[in-house]
Amino acid sequence: MFAKDNKLDLICLGRVAVDFYGQQIGARLEDMGSFNKYLGGSSGNVAFGAARMGLKSSMLARVGDEHMGRFLREELQRVGVDTSHMITDPERLTALVVLGIKDQDTFPLIFYRDNCADMALQSDDFTEEYIASARCLAITGTHLSHPNTRQAVCTALEYARRNGVRTALDIDYRPVLWGLTSLGDGETRYIGSDTVTSELQEVLGQFDLIVGTEEEFHIAGGSTDTLTALKNVRKVSDATLVCKRGALGCSVFEDAIPDDLDDGSTITGVRVEVLNVLGAGDAFMSGLLRGYLNDEGWEQACRYANACGALVVSRHGCSPAMPSREELDDYLSRAESVPRPDLDARLNHLHRVTTRDRSWGELCILAFDHRKQLLEMAQQTGADEKRLHTLKQLILRGAQQAAEQMQLGKSSGILCDGTLGQEVLNEVTGQGWWIGRPVELPGSRPLEFEHGSIGSELNRWPLEQIVKCLVFYDPSDDGELRLSQERKLAELYQACCASGHELLLEIILPADKQSDEQLYYRAMQRFYNLEIKPDWWKLPLLSAARWQEISALVTERDPHCHGVVLLGLDAPLDKLQQGFAQAADQPLIKGFAVGRSIFGKPSYAWLSGDIDDDTLITQVRDNYIQLIKLWRDRATLAKES
């Protein structure tokens, strides 16, 4: 009898590591020039993928007391994985893997696992109560290769069996991790070994579910004939056996093994263009566990599994390629018409927006990404332009004081540039604030980017920094001007999709059109028609009726959009107050991103030498606090008006 109503759906025990994935597809590992850093390791990937499937998963492992260990912990936490039993090992480093994609069949791979943290897991690292808190315990085979981790696996299995917890094994055979090939040969997937077969078969009877490729069942069953191997496994285990068969899908064997592999319950896969098979098995396991633990039957569980694997083989990386539940269901509804998931706009958008690891409520953003205006201010006051770097740091101090006094917490945010404010960005990044950063050449129309190639520029940005682009746009502009701007925005949007940065699109009408509110709606509609779907919009103060139209448009065209923040255009406080009131009943509007109304006059006085640093900080703080209060009182203001 299996346990029900447990605190956790799944505990994953096994490998967790950092993957350094070569970015240059088609190159030898020797020739890689740059790498992406991802969470990896079979168990880590399964815990991560299962969480994206909506399961309450937990990671049972060790990581080092260093940057890479903290990275793995934070990555798992971002998707909701319980890390209460990820032990920080003070004596060992986190495991690393360096790998690349040469072609569809060649994946050079090096495991750096000499005395690594996750292979130091021991039975004392967990309790029976913890194991009993889950509905399923999932093991990967690597941890059966070493006496210490093998003992931990056997103890966990004993606890699970005693408490009605389901047990699942992903054979996860890597000959190099069993000491059967040279240390640099992580790519080899199969080497026969009677010793490995014997050690696996000693524990196969402890599992309710065993999953592997044909080659992995070859090592578990001690034969290179798949049917013979499966029959040998059946002799020592009553588990349901799920044999992965690549593009053919998978076969499920609940009872005796038939004399023909196709006589099992075979659930066909979906055909996709393969980019990278690494991580596909972990994705398969994540999808399979969704169906298995929700008791949806083997056919549906295998449909999930096959589709998860298909999506991951079409993408770069393992854990970041794992689909969300919503994305997977959308893909399954039309998989036959999507041979290249990596090229399907709808699916890629769903992957982008349903795997975000941050959500935002109220936002009170101090926008001081101004460059052109501040340079003009310095010229007017005769101030040295170098002082603008200091000015931005002082404005930040005022923002920090206001955030602390008003207890903004996650409502804190800034818009700041890297041209005059790089020191500000360096300080705030990593502090949990909402951070936007501009890319447009100030005042350009048609739109130009300040630093040339946008793709190269974003490669240097921290991922938490949100790309902000201001475009002076009128949907009724003449054809060449409008098309030029639209091409630039499409280029920017694609660059953000590729880099993983969120995009805030700020629209301001040309000076002679600013009173025509309808043009904002038409501009947004035009961008959606072009498949440009920013994560954020930044718009001026509009009427309540116009906000209703815009909210309906965003809800229809991109329900996953984070929302709108309001810009100020140097408006006085009474105008901002009226504008906030017009937006009072619109949940799509998350807050404001206002600048010169807060820092303009104090900055001019400081550059002129009329006030000192402390006075500037105080005035910025007080102006910012006043605006926060107006925003938070908007509902009351709306009723009074």
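How many bridges join β4 to strand β5 (residues 86–89)? The legends below describe close-up views of a predicted model, and the opening view gives the answer.

**View A. Strand β4 and its two partner strands.** Four bridges join β4 to β5, and the two strands run parallel. Within this pair, G64 stands opposite D89 of β5. Strand β1 (residues 10–13) is also joined to β4 by four bridges, again in the parallel sense. Here L10 has S57 of β4 as its bridge partner. Eight of the eight residues of β4 (residues 57–64) are buried, so the strand is largely enclosed by the rest of the structure. Which residues of β4 point one way, and which the other? S57, M59, A61 and V63 point one way, whereas S58, L60, R62 and G64 point the other way; all of them are buried.

**View B. An open sheet of four strands.** The strands follow the order β3-β2-β6-β7, and their pairing is mixed. Because β3 (35–40) and β7 (109–112) stand at the edges with a single partner strand each, one side of each is left without a neighbour in the sheet. On average, neighbouring strands of this sheet are turned by 20° against each other, direction ignored. Strand β2 (residues 17–22) pairs with β3 in the antiparallel sense over six bridges. In β3, N36 is the bridge partner of Y21. Helix α2 (residues 67–78) lies across β2, β3 and β6 (96–99), and runs at about 65° to β3.

**View C. The pair of helices α10 and α11.** The axes of α10 (residues 325–332) and α11 (residues 345–354) come within 8 Å and cross at roughly 165°. The angle therefore makes α10 roughly antiparallel to α11. The crossing of the two helices is right-handed. From α10, the residues E326, E327, D330 and Y331 meet R346, L347, L350, H351 and T354 of α11.

**View D. The largest nonpolar core and a separate one.** The largest nonpolar core holds 85 residues, of which W537, F592 and Y624 touch the most other members. Helix α21 (residues 613–632) gives the most to this core, with nine residues. Leaving out residues up to four places away in sequence, Y624 touches C364, I365, L366, A399, A402, L408, G413, F592 and I598. Another core, of 54 residues, lies apart from the largest one; V18, F48, L328 and L347 are among its members.

**View E. Residue R546 in helix α18.** R546 has its place in helix α18 (residues 544–557). Is R546 buried or exposed? With a relative accessibility of 17%, R546 counts as buried, because the cut-off for a buried residue is under 20% relative accessible area. Neighbours within four places in sequence aside, R546 is in contact with E517 and Q518.

**View F. Residue E491 in helix α16.** Helix α16 (residues 479–499) contains E491. This residue is partly exposed, with a relative accessible area of 37%. Residues up to four places away in sequence not being counted, E491 touches F449 and I454. K386 lies 105 residues from E491 along the chain, and the C-alpha atoms of the two are separated by 33 Å.

Methods: Residues are numbered from 1 along each chain as its sequence is written. This is a predicted model: local features need pLDDT of at least 70, side-chain atom pairs count only at pLDDT 80 or more; totals for chains, interfaces and linings use all residues. Side-chain values use heavy atoms; hydrogens and water are left out. Two strands pair if DSSP finds at least two bridges between them. Axes are lines fitted to C-alpha atoms, for helices over the stretch in contact, and angles run from 0 to 180 degrees between N-to-C directions. Contact means heavy atoms within 4.5 Å. Buried means under 20% relative accessible area, exposed over 50%, partly exposed in between (1.4 Å probe, protein chains only). A nonpolar core is a set of buried Ala, Val, Leu, Ile, Met, Phe, Trp, Tyr and Cys residues joined through side-chain atoms within 4.5 Å. Angles under 35 degrees count as roughly parallel, over 145 as roughly antiparallel, 65 to 115 as roughly perpendicular and the rest as oblique. A crossing is left-handed if the near helix is turned anticlockwise from the far one by less than a right angle, and right-handed if clockwise.
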